[in-house]
Amino acid sequence: MNGADSLPDRWRAARPPVAGLHLDSAACSRQSFAVLDATAQHARFEAEVGGYVAAEAATPVLDAGRAAVAALSGMPDAEVVFTTGSLHALDLLLGSWPAGPADRRTLACLPGEYGPNLAMMAAHRFDRRPLPTLADGRLALDDAAFALAADPPDLVHLTAVASHSGVVQPLSMMAQLCAELGLPLVVDAAQALGQIDCAVGADVTYASSRKWIAGPRGVGFLAMRPELMQRLHPRLAASGWASTNLTVAQQLELGEANVAARLGFSVALGEHLACGPATVRAHLAALGGISRTVLADVRGWRVVEEVDEPSAITTLAPDEGADPQAVRAWLLAERRILTTYASVERAPLQLRAPVLRISPHADTTADDLVSFAEALASATAAT
């Protein structure tokens, strides 16, 4: 995992020095100098020539970002809409989905679905059907095949890696199943893009910039197959008032835009492709294995994922009364170690108690993870 010009060395050299130990990349990764510079330079260019002139000049980079999204989503011909993040992308999608009988539509999703996603589904009057799962929350594929064939929903929504657990869903097999059944598969890749292979042939993929891709906050995307995009009914439909014929994707993207953030995201996507997505995924999975190994014996905590789970996320469930929120605060205040406190609102239909989560990125070392295990033991004893 080390060596001259290794991925960790390149990742670390490309970024400002970290103030402590950053183990929170599933929430928000550290941006590179190139991403920070591109974002700042565009903002300065807006001040020099005007925002719309600057936006037009940024078109080639933004188009390259869209092409990168399409490639990483496994849809080379996808239409890609920039959004403010994952939840905004889901809002655009569900708010534009064709109406069903009595304006009711159905979707199938996991019981461990992200809480804000559940709220968005309810806001757009989608009836939810739970997908069958195994004990660890992983999709039970054979049971799902039977249930979906027997009573097909309007769409299947699969969160590839949850917000409260590092368990990786069988994304590729689910994509194949949905294709066989003729069901649109929508993939929430917020925690997955850049960490697991998302180029599986789904019909829709959406995600945020700030997590494993390490772009700016406040930007994300919605990528769709063109034939499905044409079936949508945007809430801001352009018929009758637009001076030109706007595509569905352009109608979905109407409104104010932080072009500087989109530009930074496009640069981050280019950096990810330059590192080699398969190389990054393998390295992150190895870090996850190291994390789960060194944390297995820390008293007061239970590691949720199996050691060989192909994910960099490690979830720690308290089993002797430890308080994840207090421990997270102690680690940050006393050791400058950044982790995630995950409350039950992240997965209200599955998570029974809060958990602590770590998510190291490529510049984290095995020694860092050993140091974290020692700090966790101290934090648990002190809180």
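Predicted model: local features only at pLDDT ≥ 70, side-chain atom pairs only at ≥ 80, totals over all residues.
1. The crossing in which α4 passes α11 is left-handed.

2. On the α4 side, the residues that meet α11 are Val-61, Leu-62, Gly-65, Ala-68, Val-69 and Leu-72, while α11 contributes Val-259, Arg-262, Leu-263, Ser-266, Leu-269, His-272 and Leu-273. Divided by class, the residues of this contact of α4 with α11 are nine nonpolar, three polar and one charged.

3. Helix α11 also packs against helix α12 (residues 277-295), where the axes come within 5 Å and cross at roughly 80°. Because that angle falls in the range from 65 to 115 degrees, α11 is roughly perpendicular to α12. The residues that meet here are His-272, Leu-273 and Cys-275 in α11, and Pro-277, Thr-279 and Val-280 in α12; by class, this contact of α11 with α12 has four nonpolar, two polar and no charged residues.

4. Lys-211 carries the UniProt annotation "modified residue: N6-(pyridoxal phosphate)lysine", which comes from an unreviewed entry. In the model, Lys-211 is found in the loop between β7 (204-208) and β8 (220-224). Is Lys-211 buried or exposed? With 9% relative accessibility, Lys-211 counts as buried, because the cut-off for that class is under 20% relative accessible area. When its neighbours within four places in sequence are left aside, Lys-211 is in contact with Ser-25, Ala-26, Ala-27 and Ser-29, and with Ala-190 and Gln-191.

5. Ala-362 lies in another loop, the one between β13 (355-358) and α14 (366-382), and with a relative accessible area of 1% Ala-362 is likewise buried. Leaving aside its neighbours within four places in sequence, Ala-362 is in contact with Leu-7, Pro-8 and Trp-11, as well as with His-283, Leu-284 and Leu-287. The C-alpha atom of Ala-362 is separated by 16 Å from that of Ile-337, and these two residues are 25 residues apart along the chain.

Note on methods: Residues numbered from 1 in each chain as written. Heavy atoms only, no water. Left-handed = near helix turned anticlockwise from the far one by under 90°. Helix = DSSP H or I, 4+ residues; strand = E, 2+ residues; numbered from the N terminus. Contact = heavy atoms within 4.5 Å. Nonpolar A, V, L, I, M, F, W, Y, C, P; charged D, E, K, R; others polar. UniProt positions renumbered as here; feature names shortened; annotations may be inferred. Buried < 20%, exposed > 50% of the residue type's maximum accessible area, 1.4 Å probe, protein only. Axes fitted to C-alpha atoms, helices over the stretch in contact; angles between N-to-C directions. Parallel < 35°, antiparallel > 145°, perpendicular 65-115°, else oblique.
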